[in-house]
Amino acid sequence: MIYFMYYIKEDVMKSKTKDRLFYIIVISLVIAVAIGCFAYIIKDRNNFNKNKSEADSLLELSKTSEPVVKADIDSNLLRRIDFDELTAKNSDATRWLYVPGTKLDSPVMQEQVPGRYFYDLRGFNKQWNGCGSFLVPAHSSEISDAHTLILGHRMNSYNGEWQFSELPVRWGSKQGAEAYQYVYVYHKDRAQRWRVWAGMDADPENMIYDTPYRLGSDEYEDMLNHIAEYSRYTVGDRPTKTNETLTLSTCNQVGYVWKRFALTCVLDAEYYYDDGRYVNVGDNLAYNFWKANWDENDKIDFGGFHG
């Protein structure tokens with residue numbers, strides 16, 4: 001009987017030891033995960049601060065004298081970025097993206113090598129910053145693309161709005177698109193206003209990334225039909241194949257494998273600085289940029305942006 005009780009007690013002690021070991025392992029794993037998450041948040045915050053500091057300095061660089069108010073012209077079209085000073089620091093900064101009422105107010109970098117994303121994780125100064133820059137992919141054709149693509153990261157929003165962190169939130173519904181109707185893109189010689197048209201979820205192989213598209217081509221019309229069919233929503237009149245479009249696209253969403261959010265806009269108005277010419281493109285007037293050297297073999301897939 002004594003031996004029997006001894007073995008029972010020994011089994012109980014072994015069981016308790018195993019339980020303690022199990023709890024120790026679980027607690028250790030929880031602590032390790034917590035430390036890892038904390039380290040990631042700190043690193044993310046440091047990247048955010050570095051990126052914000054650079055963005056703030058660029059905003060100062062972009063300030064010019066107050067534009068002269070002109071009747072019947074959107075005042076945002078009269079804003080002028082000092083591209084001479086901007087490109088003196090980095091010649092790849094060929095555009096400037098701005099949306100009133102948001103934090104989107106930054107240079108857009110033009111990639112130089114097709115299929116390469118130099119600014120994917122680099123800032124304006126070409127140094128690694130973990131956040132990247134807004135970028136326009138390069139393509140081998142000399143044709144002016146009917147569909148401009150601006151890529152940016154879908155950043156964590158707990159640090160506040162930066163990059164395209166709020167793109168799928170702010171424009172995720174028709175109500176948001178109606179509240180933020182216009183996207184502005186500034187060039188050295190002109191300012192453009194783009195009207196928000198459609199918001200869609202897209203995978204990297206989506207045809208919206210298969211640029212360039214020739215303005216007026218059937219292939220371009222197929223892409224517009226594709227956007228109209230598969231978007232979460234559309235707002236206003238549908239563009240035709242003679243209308244230029246602009247798409248702002250995030251990288252892949254964490255937790256939603258291979259899906260990006262893409263906001264497509266239609267060219268609405270342009271203002272040319274030097275001659276003061278205002279063009280109300282609207283939904284029907286076409287800007288044709290056809291070129292005789294168009295070659296379908298120049299098409300490049302920009303779904304490779306890793307994000």
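1. **Terms and basis.** Buried means under 20% relative accessible area, exposed means over 50%, and partly exposed lies in between (1.4 Å probe, protein chains only). K70 is partly exposed, because its relative accessible area is 32%. This is a predicted model, in which local features need pLDDT of at least 70 and side-chain atom pairs count only at pLDDT 80 or more, while totals for chains, interfaces and linings use all residues. Residues are numbered from 1 along each chain as its sequence is written, and side-chain values use heavy atoms, with hydrogens and water left out.

2. **The chain as a whole.** The protein chain has 5 helices and 10 strands. Helices (H or I, at least four residues) and strands (E, at least two) are DSSP runs, numbered from the N terminus. Of the 307 residues in the protein chain, 48% are buried. The accessible surface comes to about 16100 Å², and 55% of it belongs to carbon and sulfur atoms. Such areas come from the Shrake-Rupley method with a 1.4 Å probe; for residues, only the protein chains shown count as cover.

3. **Confidence.** Check this before reading details. pLDDT is the predictor's confidence in each residue, from 0 to 100. The protein chain averages 79, and 65% of the residues score at least 70. Confidence is lowest in α1, with a mean of 57. It is highest in β5, at 98.

4. Contact means heavy atoms within 4.5 Å. Over residues 36–41, pLDDT stays under 50, and the model has 3 contacts beyond four places in sequence for them. Over residues 283–303, pLDDT also stays under 50, but here the model has 67 such contacts.

5. **Strand β5 and its partners.** Two strands pair if DSSP finds at least two bridges between them. β5 (182–186) pairs with β1 in the antiparallel sense over 3 bridges. Y98 has Y184 in β5 as its bridge partner. β5 also pairs with β6, again antiparallel, over 5 bridges. A hairpin of 3 residues joins β5 to β6. Across this pair, V183 stands opposite W194, and V185 stands opposite Q192. Of the 5 residues of β5, 4 are buried.

6. **Strand β6.** β6 is mostly covered, with 12 of its 13 residues buried. β6 and β9 pair in the antiparallel sense over 12 bridges. β6 and β7 run antiparallel too, joined by 2 bridges.

7. **The nonpolar cores.** A nonpolar core is a set of buried Ala, Val, Leu, Ile, Met, Phe, Trp, Tyr and Cys residues joined through side-chain atoms within 4.5 Å. The largest has 38 residues, and Y186 and I208 touch the most other members. Several elements each supply at least two residues of this core, among them α2, β1, β5 and β9. β6 gives the most, with 5 residues. A second, separate core of 26 residues includes V108, Y233, L263 and V279.

8. **Y186 close up.** Which residues does Y186 touch, not counting those up to four places away in sequence? They are N76, R79, I81, F83, T94, R95, W96, Y98, A191 and Y273.

9. D74 is found in the loop between α1 (2–62) and α2 (83–89). D74 counts as buried because its relative accessible area is 18%. The side chain of D74 reaches the backbone nitrogen of N76 at 2.9 Å. A polar contact (N or O atoms within 3.5 Å; within protein, one must be able to donate a hydrogen and the other to accept it, and residues adjacent in sequence count only if both atoms are side-chain atoms) of 3.3 Å joins the side chains of D74 and R193. Leaving aside neighbours within four places in sequence, D74 is in contact with Y184 and R193.

10. K70 lies in the loop between α1 and α2. K70 and G276 are 206 residues apart in sequence, yet 9.9 Å apart in space, C-alpha to C-alpha. Not counting residues up to four places away in sequence, K70 touches L78, Y271 and G276. D237 is found in the loop between β7 (233–234) and β8 (245–249). D237 is partly exposed because its relative accessible area is 49%. The C-alpha atoms of D237 and V266 are separated by 9.6 Å.
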